[in-house]
Amino acid sequence: MITFRHNAWILGTPETTYIFRKTKTGHLEHLYYGPAIAHAESLSKDDLAAMSVRRVFPAGNMISYDADHSAVTLENVNLEMSSRGKGDIREPFLEIVNADGSRTSDFLFDSAEISESAPDLLTIPCSVPWQGDPEKAPDHLKIVLKDAAARLKLELHYYVYEDCDVITRTARLINEGESNVTILRLMSAQLDLERADLQMTAFRGAWVREMARFSVPVSGPKVVNASACGTSSNRANPFVMLHPAQTSEDAGFAAACNLVYSGNHWESAEVNAFGQTRFLAGINPEGFSWQLRPQETFEAPEAVLTCTDSGFHGISRHMHAFVRRHIQRGKWADEIRPILLNSWEACYFKINESTLLRLAKAAKDSGIELFVMDDGWFLNRNDDRHALGDWTVDRKKLPGGLSGLSDKIHGMGLKFGIWIEPEMVNVESNLYRTHPEWVMQIPGREHSEGRTQRVLDFANPAVVDYMTERMSSVFREGRVDYVKWDMNRIFSDVFSPYVASLDTDPIRQGETAHRYMIGVYRLAKNLTEAFPSVLFEGCASGGNRFDLGMLCCFPQIWGSDNTDAISRSYIQEGYSYGYPMSAFTSHISAVPNHQTLRVTSLATRFAVSAFGISGYELNLIDMPPYVRDAVTKQVELYKIWREVLQKGEFYRGRIPGADSVSVGQSGYPEGLDASGLYPGSGRIHEWTCVSRDRRYAVGLLLQEMVTPNSPFESYFPRGLDPNLRYKFTNLDKSYDIRKFGDLINTQAPVHVRQDSLLHRTIARFVKMPGEKENHVLLGSVLMKAGIRLSPAFAGTGYSDGVRKFQDYAARLYFMEAVDSPEEESDS
Ligand code: GLA
């Protein structure tokens, strides 16, 4: 809801309120963004005045705005948008080089309009169009500001998504003059808060180490989370949170912002000399510039804002709902995603039709639904040095071409998917030889490469058109059901031959990275619209372009090239703050793991991967029958529970490194176990995913390292209906007795030499039964008191009542509401 009263605009959602007002000088003063204020739509003049900083005299050593308002010093006004040159010396929202070379701007209120209208954005095809019932389009506030001297018009747009407590913001700058101006920055959101006690939590990393959570205080020097990679990047995801240090998973204030953008981004927070915090988010101004000609418009990508007083969970709840309802789109947005087998970690570049068909057959036998041929299928693509750009099938590897293979895969009853990397080119390719001018590179300068490849100049519409045609023909020929759209390097030597051809003014090269993104969005739009039933998955060496812009194009993204279950538990936890589980894919791969050489059990790999869009990426043909049987069972199980796992609400319980432990839960500070003596042990990941109707839930408990003699463990599900009773079960487990090594001799009547033939033979016939959980329990009991699990093996105890829960062990728990509360449990 949007209300205008006493010169203030009040934007309300059920859980949040956002207020700003017009000042006497014509600026927009931010008054409040936080948990919902009761009766916000009827605030009095005094209520609003109470939220405004009172200005009576000009402070020393500051700039008075003008003679009539000498007490107004913009340096300490909380503003909705800010610029340079009139006394505000903080990071600005907007920075322009005017026609006369000056960099001062002063945008003052002109008009405002409240309407119900879906965003109709100009240049960025990914921006959030309204996804739901047109009757319930978000409320929309458009504020027009003008810099009369520069003849520039600035529109600030606010969209209020009441259904998920989100407000999106964007800005458009329109040149109403007769001369060119240069935009040095136009951010998407500014949040000036009258407080100085915040931290910025951001998610940073590298290849195979995405989304590690960092929190830094904002009170000192300026804090910046930004990418200059050309992509939103694995180095710094654009999703950030601002909150006091004491905010926990469940309690306390937090605000969060994400950008609907996949290129260079910037999120900064600084506290001025007066204890006021400024947060900005938008396109990274470093390296950016944009020439705006008369009558042209430049539009910033949308920023997605939310806030809560229910801690990080409150943020996740709002962001997940927003992503699911308004970002993910198309046929697959809310569809159950198929379980796949991908050829990459099974074969790498060594693919050919017979291997692929054998893999596909094994996949089909295990109940897998989609077979994906990864890299290596096109001519001369036997390594990463050749052929990117030439999308012609290698007939030596695939004699029947794409259509031949696709027919055979489809003939097996599987869907068929393919890998592409349309934005890239190898120098060793026909495309490069024919069209060197289509490549981002600087004439006369040696080009630095990443993965021996270069970036195509997607700023050039001809390149996008060409790729639209090439990719369409690949998809048609392969009759593909799924596409993995990869992008495997970051930018260097940024230069667009196309932009250079438009204009000799060298400043225009500052447009290249953003024009590139617009080109990528256009290609994605062309292809997703032309192939509406194809399931597209984004990928950029894993999570190097994991953001809301990509999720507008593709409903799922390969979360990381790291398929190790322990690494993945951190990476997926990181994503879970801002993105729902239906946004990231997660595969079960071979051990030793190809990225870490770590060995974890198949059960643990499955458990972690199930909390994402699950699939397999291993050589099933080489797997012994018992592994293939286990895979078949996992696939069956996943199919039963994936409705819950893919569409449900995800909750973090205990997590390693959490700043605080939720009320009512056991847990130890990071790195310490119960005794405080075993750093590294006691690191538990505790997750729950609950169906939308709260009748079904799946839980996970994962332990990194065992603590000696620590048999007792509880599991605390979250998000259940407190009033329902749930049947609580685990999976039937039986252990290979070889896992107990020569401890077998404490039980066996004869001596058994470890790893001897006798040991192996006994192991084949004698399994150690695992613990069984089978109870009917009240949701409230489960959530508040937790369930005490069967005791874990602790140096003693070998029975079916004992949980063997050693290093890297995981358990899945299943909860199903029972209709008759009297149903008896086994316990
Ligand atoms: C990237 C992807 C991988 C795989 C390879 C193929 O690294 O992230 O999953 O597709 O490219 O070259």
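## Ligand contacts

A polar side-chain atom of Asp 561 lies 2.5 Å from an oxygen atom of the ligand, and a polar side-chain atom of Trp 419 is found 3.1 Å from a ligand oxygen atom. Gly 542 takes part through its backbone, with an N or O atom 3.3 Å from an oxygen atom of the ligand. A polar contact here is a pair of N or O atoms within 3.5 Å; within protein, one atom must be able to donate a hydrogen and the other to accept it, and residues adjacent in sequence count only if both atoms are side-chain atoms.

Taken alone, the ligand exposes 310 Å², of which the protein buries 96%, with accessible areas coming from the Shrake-Rupley method and a 1.4 Å probe.

## Basis of the model

This is a predicted model, in which local features need pLDDT of at least 70 and side-chain atom pairs count only at pLDDT 80 or more, whereas totals for chains, interfaces and linings use all residues. Residues are numbered from 1 along each chain as its sequence is written, and side-chain values use heavy atoms, with hydrogens and water left out.

## The shell around the ligand

There are 13 residues around the ligand, and Asp 374, Asp 375, Arg 451, Lys 484 and Asp 561 come nearest; a residue is near if one of its heavy atoms lies within 4 Å. By class, the shell holds six charged, four nonpolar and three polar residues, where Asp, Glu, Lys and Arg count as charged, Ala, Val, Leu, Ile, Met, Phe, Trp, Tyr, Cys and Pro as nonpolar, and the others, Gly among them, as polar.

## Helix packing

Helix α11 (residues 565–576) and helix α12 (residues 602–610) have axes that come within 9 Å and cross at roughly 15°, which makes α11 roughly parallel to α12, a description that covers angles under 35 degrees. The axes are lines fitted to C-alpha atoms over the stretch in contact, and angles run from 0 to 180 degrees between N-to-C directions.

The axes of helix α7 (residues 461–478) and helix α9 (residues 512–530) come within 10 Å and cross at roughly 30°, so α7 and α9 are also roughly parallel to each other. Helices are DSSP runs (H or I, at least four residues) and strands likewise (E, at least two), numbered from the N terminus.

## Backbone geometry

Most residues other than glycine have a negative phi, and most peptide bonds are trans. Val 591 and Pro 592 are joined by a cis peptide bond with omega about -10°, and Pro 592 lies in the loop between β29 (584–589) and α12. Asn 7, although not a glycine, has a positive phi of about 70°, and Asn 7 sits in the loop between β1 (2–5) and β2 (8–12).

Key. Parallel < 35°, antiparallel > 145°, perpendicular 65-115°, else oblique.
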